[in-house]
Amino acid sequence: MKADTNISEGSGIPAEARKILTRIKTDRTVYKRKLVISFIVLAIAMVTVLIVLKLDFKFMKDQLPFIFAGMGYTLFVSFMAISLACFLAVVGALGRLSKNPVFNSIASTYVSLIRGTPLLVQVYMWYLALPQIGKALEGYGLTGIQAYFTLPALTAGILALGVCYGAYMTETVRAGIQSIDPGQTEAANALGMTRTQTMKRIIFPQALRVIIPPVSNEFIAMVKDSSLVSLMGVWELSYRAIKMGRRHFQSLEMLITVALIYWMMCIMLQYFQEKLETHMARGDRSIR
Amino acid sequence: MMETDSPMVKISNIHKVFPPDIHVLCGIDLAVKKGETVAILGASGSGKSTLLRCINFLEEPTAGTVEVDGIVIEAGENDKLRTTRIRDIRKRTGMCFQAFNLFPHMTVLENIIEGPVTVLHQKKEAATAYAEQLLQWIGLSEKRDEHPSRLSGGQQQRVAIARSLAMKPKVMLFDEPTSALDPELVGEVVEVMERLAKEGMTIIAVTHELHFARDVADRILIMDNGNWVEQGPPEKIFNNPEQERTRQFLAHIL
């Protein structure tokens, strides 16, 4: 903080100006200090509420390892689902921008249908309704096909989340691609590039920068929505917390514990998101 | 200056209609000889940029024929090889835009070798060696590893010229290359264009830059409302124009 009160002298800046610069810097420091104090007060208030509620902290501590054991499932489901979603989003976005009527209509219907129905319904659709479709198909003489339509809970969960988020991210990717100046495509065309080359070499790398923040956002949302796979009895974080809470009639403790775990995970993911954005923005001042 | 009889660029009876009924080009003919430098002048909205963009099919002509270096494409014809032939024309045609349109995610060098490596499948080393020659030629060797955003407008346009030249084009198209530049940066770009013309490149430039039109161009064409008004050598157009419309236009830019 030395520089705050120490605007270098002799640089040709008049004394009055230097005074003003110093005051601006001091104001900023004071603001930052007050901000930190506000956060600390807020944290103390939250802890006080927990104490006033007479939470059984020992119970929370004892159950922590059991709940934590579900983190593997949560992370696995989230990572698999976001990978699937990214793939579908790129294909979907190309479809939405395609001049091929078949490809375009499939992509548009996919986005519309998935965004227009609740994720909860979709999860059950993959898990409970799909086997019935398999059964119906067997009725048409496709023997043995039902086995492929009966999905394990984990697979159904990953498919449900991936397909759902893929639809939302399709629009994100499409918007990212469309945000790139048409002059870029023209320049690439003028060089004689094919559509694929233009997309791969020129448009996509630039669009990626635009879509990283919203996609990270989707990923953070997905980590929390992965708790929906608990509906199918996958022993992930929230499933374990809810189960333990019910068994011991201490749902409040368990829900607060698991909420804090999710919160910490999301704070960490946000940190990585910021790192990634800084990394992507290296090398140039602005995106034209 | 090398000149042969068969034209490098020949466009015949080009029409361009933007739906529903905006008739931008009304049956334009133009033949440009090898090594010739042609400047197209005209009020904004007269159709000169559209004409230029029809030559490399960034704009699809509604009717007419385009021929570049012996490759002939009719408007509206629809055979399988058409896309390939359009790309063949584009490989032989360099284009510089008013807004430069450099690739912001690539360095200056990467911008220049992108075409040769991706489109012409040249080895990266060979493309880089030629790119370095071009950088020296435009006087920007020291900017090799910078991103375009760190360059001035004039420097960006010179890199854009080098990027086109890296494809070893037969024709260079300039679409108002100096219109987006601060006045003090125009000179450096025109100087590069002038050297290019002197080295025998075939050039078609849409420009209002007077020095280029008067001293560099071999021929000037004036366009108005999608038709040629008048054409001829610069001395004649500037000193002794035949048409009243030409006189009006020149009064505006002189």
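This is a short tour of a predicted model, one selection at a time.

**Stop 1: helix 5 of chain A**

Select residues 119-139 of chain A. This is helix 5, with 21 residues. From its first C-alpha to its last it reaches 29 Å, close to the 30 Å expected at 1.5 Å a residue. Now find A:Ala129, where helix 5 bends by about 45°. A proline, A:Pro131, follows within four residues.

Next, pick out A:Gln122, A:Val123, A:Trp126 and A:Tyr127, the buried residues of helix 5 of chain A. An α-helix has 3.6 residues a turn, so residues three or four places apart point the same way. Then step just past helix 5 to A:Gly141, which takes a positive phi of about 100°.

**Stop 2: B:Glu114**

Move to chain B and select helix 3, residues 108-119, where B:Glu114 has its place. B:Glu114 counts as buried because it has 25 C-beta neighbours inside 10 Å. Leaving aside neighbours within four places in sequence, its contacts are A:Leu191, A:Arg201, B:Phe103 and B:Met106. B:Arg195 lies 81 residues away in sequence and 24 Å away in space, C-alpha to C-alpha.

**Stop 3: the cores**

The largest nonpolar core has 117 residues. Among those touching the most other members are B:Ile40, B:Ile112 and B:Ile204. Helix 7 of chain A gives this core the most, with eleven residues. Apart from it lies another core, of six residues, including A:Ile67 and A:Met244.

Finish on B:Ile204. Beyond its neighbours within four places in sequence, B:Ile204 has contacts that include B:Val9, B:Leu52 and B:Leu173.

Conventions:
Residues numbered from 1 in each chain as written. Chains lettered and ligands numbered in written order. Predicted model: local features only at pLDDT ≥ 70, side-chain atom pairs only at ≥ 80, totals over all residues. Helix = DSSP H or I, 4+ residues; strand = E, 2+ residues; numbered from the N terminus. Expected span 1.5 Å × (residues − 1). Bend = angle between axes of the 7 residues up to and from the residue. Buried ≥ 20, exposed ≤ 12 C-beta atoms within 10 Å, placed from the backbone. Contact = placed C-beta atoms within 7 Å. Core = buried A, V, L, I, M, F, W, Y, C linked by C-beta atoms within 7 Å.
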